[in-house]
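Work through these exercises with the sequence and the 3D view side by side. Try each task before you read its solution.

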Amino acid sequence: MPRITVTVDGVRYEEEVEPRLLLVHLLRDRLGKTGTPVGCDTGNCGACTVMLDGRSAKSCSVLAVQADECDVVTIEGLGRAAELHPMQKAFHTEHALQCGYCTPGMIMAAIDLLRDDPDPSDEAIRAGLEGNLCRCTGYCNIVRAVRRGAREMSGEEVRTS
Amino acid sequence: MIPAAFDYIRPASLDEACRVLGDAGDEAKILAGGQSLLPLLRLRLAYPAALVDLGRVPGLRGVEDRGDHVFIGALTTHDEVLRSAVVREHVPLVALATATVADPAVRHRGTFGGSLAHADPAGDLPAVALALDCVFVARSGEGEREIPAAEFFVDYLEPALHPGEVLLGVRVPKLGAGWGFHYEKFHRTAQAWAVVGVAAAVRVEGGSLEEARIGLTNMGPAPVRARAVETALRGVAPAPGGNGGAGGSRDPLRDACGEAAEGTAPPADLHAGQDYRRHLARVLTYRAVRAASA
Ligand SMILES: Cc1cc2nc3c(=O)[nH]c(=O)nc-3n(C[C@H](O)[C@H](O)[C@H](O)COP(=O)(O)OP(=O)(O)OC[C@H]3O[C@@H](n4cnc5c(N)ncnc54)[C@H](O)[C@@H]3O)c2cc1C
Ligand code: FES
Ligand code: FES
């Protein structure tokens, strides 16, 4: 079996993996990182989105062996319950989730978007989150949350409405 | 779902890749970005005995300005294509279409070559390759060969590559001054895949279309070049009021675009029937030519 080395949320792991093991299953079943859910079989829903070497990727559409020598950040690597990442806090403040299934992927995609566009328009936010489906919220609060998160991350004072 | 078991081989050079693929024959599949292949494996629609991962083979990735054409390496990701100033400046139709492919996360991993080698009639890039008369460069143990775009898309998910043959990259001709481009795509909001798409490259001279090249997405089992409408468009004024005559209600461009679905055999699925797809081909060709001529 191939042997891989992968850094996940700042910790290095050496694992023997079957070639068919998907990255998302490595994260969930081997490393216990169940913060990253699986929502589909087709790469459409984006629930499983993580950062792979600094850019968003759908971890259900990457083999664990392809992530050999790579750096992975999951939702669990962003912040802790006592100390949420500004984007996590913004989703909370703006009620940008209902069931929460899409939320980890939404937040990772939002953070990826801000790397290229730190102050995105609503249109840019919708385009940036195009690969992430939400079956609950209707997206309006998600767009608001990303706008708020962006302002918080750029250090701007945000008024609580 | 979990894919069926397969062997995984990650060659470190092109020579090694060709050798491994030559030995494996039909049993092996090439893995590039995996954005089409991994969903197929997960749905158990494909059962390759081995995957040969080109992800770490050097020399297959990047965009190069080569004078009269731009060479795009097969392993260049959609995201890299979009960030390339050379692509935007010299082959803007590639950028216009790539911007509509999937979503940011898929574009970070999915590759230019994988999109073409997959030969999916619903993919956006094959129509562009057809409209621009691109040339595909492929290599196997037997050596290198060139395949013109017009011969590359054989049938549904069937490119003109032999088993184990590696697509190295694509030569995209620069069409130069006087040409205008547009990619017009119709899709459902929640899914990027085209119901129908139209890639247009046009050259306008003295107020009328001197030349038009039209590639169609999702209008048959393979991506197609719409030759009938290209002929019909020749000499037509792309702006309303041009050939139409002052106050005339006829729009010759719209009439010409009536030929857009000529000779096509579009699929019927839950998104659209054949007649609706033919209708879309005509309407989208009209929009694409108008935008490309502007
Ligand atoms: C949610 C989602 C939405 C999408 N939406 C769109 C869309 O709107 N428009 C669109 O065009 N595409 C879309 N795609 C597909 C996407 O563009 C893929 O990147 C592309 O189809 C395949 O590229 P890949 O590098 O991932 O190839 P892979 O999945 O790795 O391979 C695809 C096929 O090509 C072969 N192959 C790959 N590279 C080579 C090579 N160098 N030489 C020989 N054979 C090779 C493989 O063996 C395989 O058969 C979407 C995909 C997903 C998951
Ligand atoms: S689970 Fe990965 S995209 Fe749906
Ligand atoms: S909150 Fe339920 S899917 Fe988005």
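**Exercise 1: Follow a hairpin**

Task: Find what joins strand 6 of chain B to strand 7 of chain B.

Solution. This is a predicted model, so keep that in mind throughout.

- Step 1. Start at strand 6 of chain B and walk on to strand 7 of chain B: a hairpin links them through two residues.
- Step 2. Check the pairing. Strands 6 and 7 of chain B are antiparallel partners, with six bridges between them.
- Step 3. Pick out one facing pair. Val137(B) sits opposite Glu146(B) of strand 7.

**Exercise 2: Now chain A**

Task: What is the strand order of the open sheet in chain A, and what kind of pairing does it have?

Solution. 

- Step 1. The order is 2-1-5-3-4, five strands in an open sheet, and the pairing is mixed.
- Step 2. Strand 2 (11-16) and strand 4 (55-58) of chain A are the edge strands, each pairing on one side only.
- Step 3. From one strand to the next, the twist averages 40°.
- Step 4. Inspect one pair. Strand 3 (residues 49-52) and strand 5 (residues 71-73) of chain A run antiparallel and are joined by two bridges. Leu52(A) faces Val72(A) of strand 5.

**Exercise 3: Locate the ligand**

Task: Where does ligand 1 lie, and how many residues surround ligand 1?

Solution. 

- Step 1. Ligand 1 lies between chains A and B.
- Step 2. Count the shell. It holds 34 residues, and the closest are Ile30(B), Gln35(B), Ser36(B), Thr111(B) and Asp124(B).
- Step 3. Sort the shell by class: 15 nonpolar, 15 polar and four charged residues.
- Step 4. Trace the elements. In chain B, strand 2 (28-31), helix 7 (112-117) and strand 10 (166-173) each give at least two residues to the shell.
- Step 5. List polar contacts to oxygen atoms of ligand 1. A polar side-chain atom of Lys29(B) lies 3.0 Å from one. A polar side-chain atom of Lys185(B) lies 3.2 Å from one. Ala102(B) uses a backbone N or O atom, at 3.2 Å.
- Step 6. Judge the cover. Alone, ligand 1 exposes 960 Å², and the protein buries 95% of that.

**Exercise 4: Read the record**

Task: Which residues of chain B does the annotation "domain: FAD-binding PCMH-type" cover?

Solution. 

- Step 1. According to UniProt (unreviewed entry), it covers residues 1-177 of chain B.
- Step 2. Describe that span. Residues 1-177 of chain B are 33% helix and 25% strand, and the end C-alpha atoms lie 50 Å apart.

Technical notes. Residues are numbered from 1 along each chain as its sequence is written. Chains are lettered from A and ligands numbered from 1 in the order in which they are written. This is a predicted model: local features need pLDDT of at least 70, side-chain atom pairs count only at pLDDT 80 or more; totals for chains, interfaces and linings use all residues. Side-chain values use heavy atoms; hydrogens and water are left out. A residue is near a molecule or strand if one of its heavy atoms lies within 4 Å of it. A polar contact is a pair of N or O atoms within 3.5 Å; within protein, one must be able to donate a hydrogen and the other to accept it, and residues adjacent in sequence count only if both atoms are side-chain atoms. Accessible areas come from the Shrake-Rupley method with a 1.4 Å probe; for residues, only the protein chains shown count as cover. Helices (H or I, at least four residues) and strands (E, at least two) are DSSP runs, numbered from the N terminus. Ala, Val, Leu, Ile, Met, Phe, Trp, Tyr, Cys and Pro count as nonpolar, Asp, Glu, Lys and Arg as charged, and the others, Gly among them, as polar. UniProt positions are given in the numbering used here, feature names are shortened, and annotations may be inferred rather than shown by experiment. Two strands pair if DSSP finds at least two bridges between them. Axes are lines fitted to C-alpha atoms, for helices over the stretch in contact, and angles run from 0 to 180 degrees between N-to-C directions.
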